[in-house]
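Colleague: Could you walk me through this model? I would like to learn how to read its features one by one.

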Amino acid sequence: MTYDDGSYDASHDDRLLAPEAGSEEAALESALRPRTLDTFIGQQRVKDQLGLVLEAATARGRAADHVLLAGPPGLGKTTLSMIIAAELGMPLRVTSGPALQHAGDLAAVLSSLVPGEVLFLDEIHRMSRAAEEMLYLAMEDFRVDVIVGKGPGATAIPLELPPFTLVGATTRAGLLPGPLRDRFGFTAHMDFYDASDLELILARSAALLDVPLAADAAVEIAGRSRGTPRVANRLLRRVRDFAQVRADGHVDLEVAHAALTLYEVDEIGLDRLDRAVLTALLTKFGGGPVGLSTLAVAVGEESETVETVCEPFLVRAGLLARTPRGRIATAAAWGHLGLRAPAGSAAALLPFDEDEGTAPSA
Ligand SMILES: Nc1ncnc2c1ncn2[C@@H]1O[C@H](COP(=O)(O)OP(=O)(O)OP(=O)(O)O)[C@@H](O)[C@H]1O
Ligand SMILES: [Mg+2]
């Protein structure tokens, strides 16, 4: 996985439940991407709103409003950007925040667009400031000022751009400066998927991959997919492997169950490391509060791994809370591991707190 500071850690690429795409996964994913808004499953509100924006633009014969897609990894932002271009019948240009370190990089992309083209800017929160300022003007007036020369003799030469539609994607909408956020005509907030939507996604993927998947097996896999289509598709591929090697290729409930047990993915989608963190928090620290680094040492992992890989889902699942005094297990965590919270443990005092991200990280 790639961190926000640009560093890269290959050790997480193989983690079965990571919401980010692994290094080899991109090609596998593109085969499973829905190509139209109608075949895009779930996110009904986003689909309805976006459908209207696109239809109106097509009717007016003008470039559609700029669209911001905000939400956690693996929920379909890249997929939606491709659908937007396809629905508008326009070509798609793909770039990303980290690729636009200089204003000139952005100017080069913008000035080579054809009228109506859709520009997908992935990880838009990682763009440089200089590029960001150029983008403001481009989004609003379809114009950029190219600075020629240096110092007092420098002049700004305005350059007209063809009308285009910017589709920005971010996993960290909160990091976007207000002026940039305000320039999008429509923001789609993507949410984790319901189990029933994940079942439909699994059925669709299974058909595309030619895997016979029983309905109850789809339910089993969907329930362990952490609300994330990318994870659902990945679990399906692993279960298919198991079915082919250990069974006759059919994925029925028994096969799905055996495969997920083998891969150590539990009923709510926790893996071995998630469970180790929870177990240490409960059995070694009485449910907390305990500091992140102490907890990480107890499970033999880097603090950063525990914080970025395990905690987001544990917090969202309501099993762990980040508080100013340290990490605390909730009552649900004791229940999930089949343990009873001792009287006076932190869980008993804890208001249910889903506020991940804003809590301090120590
Ligand atoms: N609504 C959906 N219906 C069917 N498949 C989906 C849906 N959403 C996502 N997928 C599948 O999940 C995978 C990941 O989706 P995608 O790459 O679009 O996510 P993303 O939000 O761009 O993630 P990231 O933030 O990591 O870039 C793809 O293989 C895609 O086919
Ligand atoms: Mg993406």
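Modeller: Gladly! Domain bounds come from an automatic or database domain assignment. Here that assignment gives domain 1 (43-189), domain 2 (195-262) and domain 3 (272-349). Do note that the model is predicted: local features need pLDDT of at least 70 and side-chain atom pairs pLDDT 80 or more, while totals for chains, interfaces and linings use all residues. Residues are numbered from 1 along each chain as its sequence is written, and chains are lettered from A and ligands numbered from 1 in the order in which they are written.

Colleague: Which domains each give at least three residues to the shell around ligand 1?

Modeller: A residue is near a molecule if its C-beta atom, placed from the backbone, lies within 6 Å of it. Domain 1 and domain 2 each supply at least three residues to that shell. In total, 21 residues surround ligand 1, and the closest are Glu29, Gly76, Lys77, Thr78 and Thr79.

Colleague: Is Glu123 buried or exposed?

Modeller: Count other C-beta atoms, placed from the backbone, within 10 Å of the residue's own: 20 or more is buried, 12 or fewer exposed, and in between partly exposed. Glu123 has 20 such neighbours, so Glu123 counts as buried. Glu123 also has a positive phi of about 50° although it is not a glycine.

Colleague: And what is phi of Asp210?

Modeller: Near 65°, again positive in a residue other than glycine. Asp210 is exposed because 8 other C-beta atoms lie within 10 Å.

Colleague: Which residues does a cis peptide bond join?

Modeller: Gly288 and Pro289, with omega about 5°.
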